[in-house]
Structures are given as structure tokens and as C-alpha cells.
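Please look over the sequence and the model shown here before reading on.

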Amino acid sequence: MKSKNNNLKTRRLLIYGIFIAVGLIYIVKLFSLQVMDKRYKQLADNNALRFVTQYPPRGKVYDRNGKLLVFNEAVYDLMVIPRQAISKDTLNPFDTLGFCQLLDIDKESFIERMNKAKKESYLKPSPFMTQVPKEDYAHIAEVLYRFPGFYFQTRTVRHYPNAIAAHTLGDIGEISQAELDLDKEGEGYYRQGDYIGKSGIEKSYEKELRGKKGMKVVMVDVHNREMGSFDNGSLDSDPIPGKDLYLGMDADLQAYGEQLMVGKIGSIVAIEPKTGQILAFVSSPTYDPNLLVGRERGKHYQELQQDPMKPLINRAISGTYPPGSTFKTVVGLIAMQSGSITPATCFHCSGQGSLPIKCTHSHGSSPDFANAIMNSCNPYFYESFKATINNRKFGDIKKGYEYWKDMTYKLGLGHTFNTDIPYERPGNIPTREYFDKMYNGQWNSVTIRSLGIGQGEVLLTPLQLANIAATIANEGFYYPPHLIKGFGDDTPIPEVMTTKMDPGIERRHFQVMKAGLRTVFSGPAGTARRYEMKDIPQCGKTGTAQNPHGNYHSNFIAFAPYDNPQIAIAVIIENGGYGATWAAPIASLMIEKYIRGYSEREDLEKRMMEGRITYKNER
Amino acid sequence: MIDENEYYRNKIIGRIDWVTLLIYMALVLIGWFSIFSAKYDELHPSIFDFSKEYGKQLVWIGVALFFGFIVLLIDAKFFNAFSLWIYIVVLATLFLVLVYGKATKGATSWIEFGPVKFQPSEFAKMATALALAGYLDRIDVSLSKPKDRLISCAFILIPIALVLLQNDTGSAIVFVSFIFVFYREGMPGAGALMLIGVAAILLFVLTLLLGQKTVFIILAVLFVLTLAFWLLTKKRNFITMVAVFVFMFGFVFSVDYAFNKVLQEHQRSRIEILLGLKDDPKGDGYNVYQSKIAIGSGGLTGKGFLQGTQTKYDFVPEQHTDFIFCTIGEEAGFVGTSAVVLLYVALLVRLVYLAERQRSTFSRVYGYSVAGIIFMHFAINIGMTIGLMPVIGIPLPFLSYGGSSMLAFTIMLAIFVKQDANRLNVL
């Protein structure tokens, strides 16, 4: 019993001991930290720290041949730390009037800007005035020491030496609240006032282009003078510059395309078939990308947004058009693959008197496949379409239609490619369910006949059209079209862009198609025979698409040279009339420019560049 | 003497221990003024401004005092009688948090009732203390029986598991403090467990500092020495000795794995910084680095109330909550910090003293639990601000900003003060 009590006493004492010992250890440590060690006092004494964000230079952008497309220019942001600026020091009041005069703003504007900064944070720097012009910067910086809490931060803005490819390059702008909120949930990288890619490749490659921000911690004394780096720079981190970007785009071809498109609404998309890289990406009308840089950005943006011609829209991916006869390539390929027609199959054509679709071209009465392609015979492709979806092997027409629709999907239609082009639209290939609903389940090949000639519900983007041309050029495969060629530091580009896509159509059918498309230029009745070049064998298909907005859309897809295609292209000229009138010559000139480097057909070139199409909503 | 006892027996509240109450009030006031200083804003210069943290804290202090007073009015036997029910209800809310909770700073430990956010894990400690005290108070329960030991441990382990599932490691570690209670109550093995714990921490730290190989060599030398000692004296149990060494070898062997695979990245980093293996004043070490500058710059007497520069410019994150001790260190200096440490030690010693004078097992066990919990918070929180403990985000009792913690600690303490005031009524 006694030993038990003793035990209890020991235990009790041990607990007291632990509590007291920990207290003593802490007091000793505090004594050494606070009284013995003078280092901390020095670190903190009478100094305020300023965390200056070091912005890395954003990556530059080059074209496929190393030609500079986008670079950086320095601008200066005036920053404020509200708590340091609104000191209560009555002996030395903040000279608001003098400050307003220096910046050339009125007092209301001063208060408004200050309140915005206060709302963000009292203690952290916020932008007070962004992108102060270089000439103002010099004389403001000189006297800024008089205004505590204010300092300049250097930042870079984008500059475009060639003023081309505005839609492709995109723009950067101050981060929006919505983008900030989104970032907060993920990476948490951005701060209010930071710049972020808003569209084009600036958006798709934001992470690569922006690099990584650094931080410099400087000590500032009560007079707002920087007293050097804090703790020998142990807290500083260097910014990591953004990666440079090489685009598949050919700057000369792009500029040429934009020149050709002056005065026309529409789009040109040129692809290198072997890689899927986009060589030219023209949307017309376009604008000078330099307009969306600098302090006037907001004003210019508004003007562009209110322009009735809608220059901000990238028609190459957001414009969806009925493809018209260019779509006959797709119809023909699927008909051959399904075994519904062979190249020797002939369908009857009575020209203007054909039913249910008349033919607009004059040719022999029962064309075979080659003849039909060359002449763009409507009844032939309507019959091919009908033969496909009515093919007995599918059981019924609805299953036949589903097969047909699936094949168009495999050819890249009806969906987006999801590579590196923001805001891509999928176009439209109607589903079987759509027709069931539309026609109450009662529909057949006659009901949906216009699909066979690329009219009706079918809508494609110029990018998708160009990809069809590239697939035929490759005789049966494509790489998802994309803008990037590579990064400056040889990081591999995302796999989705280097994955070979197989539409599931045999190569021999593509070869037949290719030969047929060649005759569009070379044949005696070819719809583009006027634009044949002796030394560059081209293949192509015209399209003249009816549309609800007035005159026909002039369409054309092409590729060249025949044996070893270097370029595949799609051109759409809104309300341009026949495919052979505008789209075919423009496509042919682009091909010549890319392969030869210049055009020998000066008259044609001049006529195309100077040609203007009048639009209803033009003023 | 008898008369005096008779006199207090009839009072509603009973015989309040004024020492505890005074220390409590002193800590609460120091906390409130420190929060005021940490969050001071020229545009809201009044300490009664309810839009700012200091005004809000005053509201919480008021609420806590109110509930504390209510507790003093409730019959002392109530808490023993309902201890299990309180425990079940609190565990249920912990469970609810897991399902509906809101994540703050990586831990899902908050639940919202309209405008009031509420952290049930703060109350879980008190509920566990009550439940354990209630259980050990039962006439048929004895810690010498293995079954009862098992059940007692289960009372602690269930809330630990729930809190860990919320990813709130800090609160879970606080439950370790119940080892003091078991030790005091003479649970067989509790002392050994404490020893093993200390040894394990020592081995863990040594392994990280010196590397696995070196520690193996040290252990091997120790083993040979012990073996020699055993051969000479043959006093100790040979099997146990070998088992202890095998266990130690195994433990050291698994340290690397535990450190790299079991711990989360930030936990690993905090331990490395504490041991000086890693210097990262911009990243994971930022808090502690800034906290040490703030405290260290306070000097002997501090910079004066509201005069802290480190505090003023928000260099220390979480300055009004987990790092409130920095504000005291910077503005009140060593005089202030040592006073606060002494206040805590005085409170802890007083609580143990009070616990020992209880007549019932319930109030003694509960008293020790309260002391243990407050000790863990005190030791971890202040230890982390001065770089003696890894960063573990738990509040400093009665000082840190936060309603749940203020309310929970006040009620927890009030229940014990009530038990103590009523102790003479226990026969």
C-alpha cells in the first residue's frame, strides 16, 4: 500500500515536472530569441518589406521559318500599397494635389483608383495606373520618392511587327474576376492585375508562354526609399521566362492570304497534309493585332466589337457554312467504301430536268464517277448518297444513315478537333434522331436528299473543309489540324496533334477520288480548268452553296502538287457566287505562292486582290 | 470548518476556485488585445468595432462567458450522468462534418449553421474527456482489467479517427494528451508507452538527422554493450531486451518509408525545416521564419502596444489565429512572452492540484484531461512559433481568434471549475 502511494506521488510529480519543464524550456528559448539574439531586431527594425513581383518575359512567337510574329515591349505599371500611402502622419501629409497633377488625373479619379486598390488589399500592392507611357514614366519616377506607398513595376506588353494573323495569335489582357476565381480553385497563380491569354494561341499556350513569376523582397525605409534586398536576397526568386513558340504558319503565305481576302468576307485555311500543321489561317475581315495592346485596348476592342462586319470573329473555326459541292468528295468516298458504287457506276442525269435534284452543269447523260466529279453532277451524288443509305447490307435506311453519319465523323466532321485552337465550333452533321423528330419518323432518302450535295442541314467550318482536302491529299489519313510546330526548348508538342487519324476508308478509293479531283483542273470540262498551272499539278473541287444570306457562297477545296501534296486548302468567300469565280482562283494563287514563292499570274492576282464584294450590311 | 462547508454546500454555484478564474480572465484579455493589435486598422480604430476581428472576438468572449456561467449554474452531477450522451452527440456532428463539412486550409473541419461557422473538433476533446471520466467513474470499471483498458482507449481512438479523416492532423495530435490521464490513473503500461513515445520521437529525429546507417551502427553498439552488461549481471530479462532492440531496428528501418510515404508533403517539409535539414524561408518555412523575426525583434520589453512593424505589415500569416503569440512577442517583448508562458504553467499546475483534491474519480479524471489538453495546445502552439515544434495548426487556448475554440475551451474549463466547486458534496 505504501509503495502504491509512493508510485502515485512519483506519477503526480512527473506530470507537474513535465508541465513546468516545458514552460522553462520555452522561457529559455524566448530569452535567447528575444534578448540574446540581436539579429531579428535588425531584420525587423524600422523597415518595411516590399514584395515586388518580377514578371518574366512572355515567350516570343515565330512562324515556321523562324520569322518573328510576336515580341515584347516594356511598359510601366504604377503600383500602390494603400496602407503606406494613407499614413496618418500629420506633419507630412500626402500631397494629393501634387500627385494628381503629376499623373494628370483629377481628384475623383484618384479617390476611385485608391478605393479600388483598398478594396483589393490594404497591405499588398495593387495596380494604381497600368501601362504608363514611356515618356511619362521618366518624369514621374524622378519625383515618386515624395509619395510613399507608390512605386513602378515593369511589365511587358505584346507587339506584332507584321500585323498579321490577329485571330490566330490572339491577345492578352488583364485577368477577369471569373478567370481569377477559376484559378483560385486550381493553381492559384494569378493576382488581380496580372495578364492572361484571352484568345488564340495566347490562350491555348498561356502556361507555356507566361513562364513563372519571380519575387524580389526589398526593404523600404520610412521615406519610401529602397534600402536594398532583404536578408541578402534569401527570399528572392528569379522569374522563369516563358517558352518561345514556333507556329506551323507561313508568315508570307498568311500575309498574302489576308491581302487576297481584302474586301471579301470569308476564310482561307491551308494545312500541310503530312503533319496537320496550319500554314495559313485567314479570317476576313481581319484587324491589326497591335490595336488590342496598350491603354487604348478597351476602346479599340469596343469599336471592333461594334463593327457590323464582325472582324473579331474567327470565321475559320466559328463560321459554319453549307459546303455545297465540295461535300461531294465526302459523299463519293463513303459510297465507294460502303460498296454502294464503284468508279464504273453510272447514274442517269437529265440535266435541268433531273429529279428530285436538277443538274446545273451540261455533260453527257450517264456520267461515271470521274466524269461526275469533273462536272460536279448533282444527280450522280444524290444517287450515290441514296445508294449508300439504302444499301441492303444495313437492313434499313435509318441504320444506313447512321453508318453514313459515323463515317463523316471519322472524316473529322460534326465535331471539334480539340487541338490548340480555342473556340472551335463543331459544325453540324444531323443525327438520325434529329430527322426522326423533324419528320415524325417518316423520312427517306428523298426527304434528306440535299445532304448528298452538301446542302440542307450540313454545316462545316473552313477548318473542317481544309482537313477533308488534307485527308484526300494523304490518300486516307490526317493529323488533327493544329497551329503549333514546336516549342523553343524542344518540349514535345501535345500527343493529340501527332496522333494519326484513320477515317476507315480504303486507300484505293482515295486514289480514285484524287484522280477525279485532278480532272477538275486538268479535264476539258473541269470546273476549275481556267486555273490550271502547267508545272504545279493541282487537285480541287468547287462548291457553290445556297444559303439564306443572299448570293451563293463561293467554296473551294484543293491540294497540290498531285504526286506529293505540300499544301491542302479550303477557301470560302461569303456571297461570292460560283465556286470557280472567287474561291478557286484564290486557292490556286495561295498554292502557287506557297510552292513557287510568288505568282506568275499577275493579272489574276491583281484581279483577286482588288476585287470587292458588296455586302448587305456594309455601309 | 464544518460550518463553512455547510455554507457553501447550499450555494447554487458553490465554491469557485478564483485562482483558475483569474488566470482564465487574464489570458482572455491578453488574447483580445493581441487580436486588436494584430488586426488593427486605422479606418476602424475602435476595439469595439464589430466589423473587424477584434470586435467579433469580443462577441465570442461574451458568448463564451455566458455559456460558462450557465455551466456553473447546472447541477454538477449532470455532466457525469450525461457524459456518454454528450460524447455521442459530438461524435455525430464530427461525422456530419465529414459528410457536409467545409474545407478550410486543407482540413474539412467546419460546419455551417446559417451565418455561424462551427468547428466540432474543438468540442470533441471536451466530450472525450467527459466520456472517459464518466466511464472510469463507474464502480465496476478498473484500468487493471484488460477489457476496460481496451474500452477506455476506444473512447479516445474513435474521435482521433474521425478528426484524421477530416485531415485535421493537429486536432488529432492533441488527443495524445490523454496518456497523462492513463498514466496518473495507473494504467499498466501507460508509463512505458510514454517512454516508448519519447524514444520513438528520439529515434525518428536521429534517423532523419544522422541517416539510417549511422543510427543502425549506434543501435548495434548499444546492443553489444547491453549484451555485455547482461552477460556480466544476468539481471534483466534477455527476451525482452532482444525484443526491444529488434523493435528499435525495425522502427528505424521503417522511418524512411513512413516519412516519405505516410506523411503528406507539407508535413514532411515542416519537419525538415524544424530539424534544420531544409531551409525554405519563402515556402513552407515562411511562417516560422517570419514568426521568429516578429518575436525576436520584440527584445526585452517589446515595441509597445500597436507598435509592432512586423505585425503591422502582415508578414506573419495567421497572425490573429494560430500565430497570435507573435504579436505578444513583438509588442510586449520577453517580459510579455514569459508572463504568458508562466500564466499557462500556473494554470496547468493549478489544474493538476485541483484534480488531485477531488473526491470522485469522475472529476479527477476530467481535471487531468483538461490539463492535458490545454498543455498540448500550449506546448505545440508556442513551440511552433519559436521554432521548437513543427508547424501544426492548432489554436492557443483562450488567446487565439476563433469562436469555436474560445467557446469550447471556456465550457471545458467551466465544467471542471463546477466539479471542483461542488467537490465537498461528493460523498
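Which residues of α7(B) are buried? They are Asp148(B), Ser152(B), Phe155(B), Ile156(B), Pro159(B), Ile160(B), Leu162(B) and Val163(B), where buried means under 20% relative accessible area, exposed means over 50%, and partly exposed lies in between, with a 1.4 Å probe and protein chains only. This is a predicted model, in which local features need pLDDT of at least 70 and side-chain atom pairs count only at pLDDT 80 or more, while totals for chains, interfaces and linings use all residues. Residues are numbered from 1 along each chain as its sequence is written, chains are lettered from A and ligands numbered from 1 in the order in which they are written, and side-chain values use heavy atoms, with hydrogens and water left out.

After α7(B) comes Asn167(B), whose phi is positive, near 65°.

At Ala332(B), α16(B) bends by about 130°. This helix is mostly covered, with 24 of its 33 residues buried.

Chain B as a whole has 18 helices and 3 strands, and buried residues make up 51% of its 427 residues. Of the contacts in chain B with a separation of 6 or more, 69% are between residues 24 or more positions apart, a contact being a pair with heavy atoms within 4.5 Å. Chain B exposes about 19,200 Å², of which carbon and sulfur atoms supply 69%; accessible areas come from the Shrake-Rupley method with a 1.4 Å probe, and for residues only the protein chains shown count as cover.

Chain A has 22 helices and 16 strands, and 55% of its 619 residues count as buried. Among its contacts between residues at least 6 apart in sequence, 71% join residues at least 24 apart. The chain exposes about 27,500 Å², with carbon and sulfur atoms supplying 51% of it.

Several loops of chain A deserve a look at the backbone. A cis peptide bond, with omega about 0°, joins Ser284(A) and Pro285(A), and Pro285(A) lies in the loop between β12 (277-284) and α12 (297-306). Another cis peptide bond joins Ala560(A) and Pro561(A), with omega about -15°; Pro561(A) is in the loop between β15 (550-560) and β16 (567-573). Ala163(A), a residue other than glycine, has a positive phi near 55° and lies in the loop between β5 (150-159) and α7 (166-169) of chain A. With 30% relative accessibility, Ala163(A) counts as partly exposed. Asn418(A) also has a positive phi, near 55°, in the loop between α17 (397-410) and α18 (432-438) of chain A, and at 55% relative accessibility Asn418(A) counts as exposed.

Asp183(A), by contrast, is buried, with a relative accessible area of 9%, and sits in helix α8 (residues 177-185) of chain A. Leaving aside neighbours within four places in sequence, Asp183(A) is in contact with Gly188(A), Tyr189(A) and Tyr190(A).

Finally, there are 4 cavities of 30 Å³ or more, a cavity being a set of points, on a 1 Å grid over the protein atoms alone, where a 1.4 Å probe fits but cannot get out, with lining residues having an atom within 4 Å of a point. The largest cavity has a volume of about 210 Å³, a volume being the space filled by probe spheres set on the points, which are joined across faces, edges and corners. Of the 14 residues that line the largest cavity, the closest to its centre are Tyr55(A), Pro56(A), Arg58(A), Tyr195(A) and Arg210(A). β5 and α10 (206-210) of chain A each supply at least two residues of this lining.

How values were computed
Helices (H or I, at least four residues) and strands (E, at least two) are DSSP runs, numbered from the N terminus. On a 1 Å grid over the protein atoms alone, a cavity is a set of points where a 1.4 Å probe fits but cannot get out, and a pocket is an open set with protein on both sides within 12 Å along at least five of seven lines; lining residues have an atom within 4 Å of a point. The bend at a residue is the angle between axes fitted to the seven residues ending there and the seven starting there.
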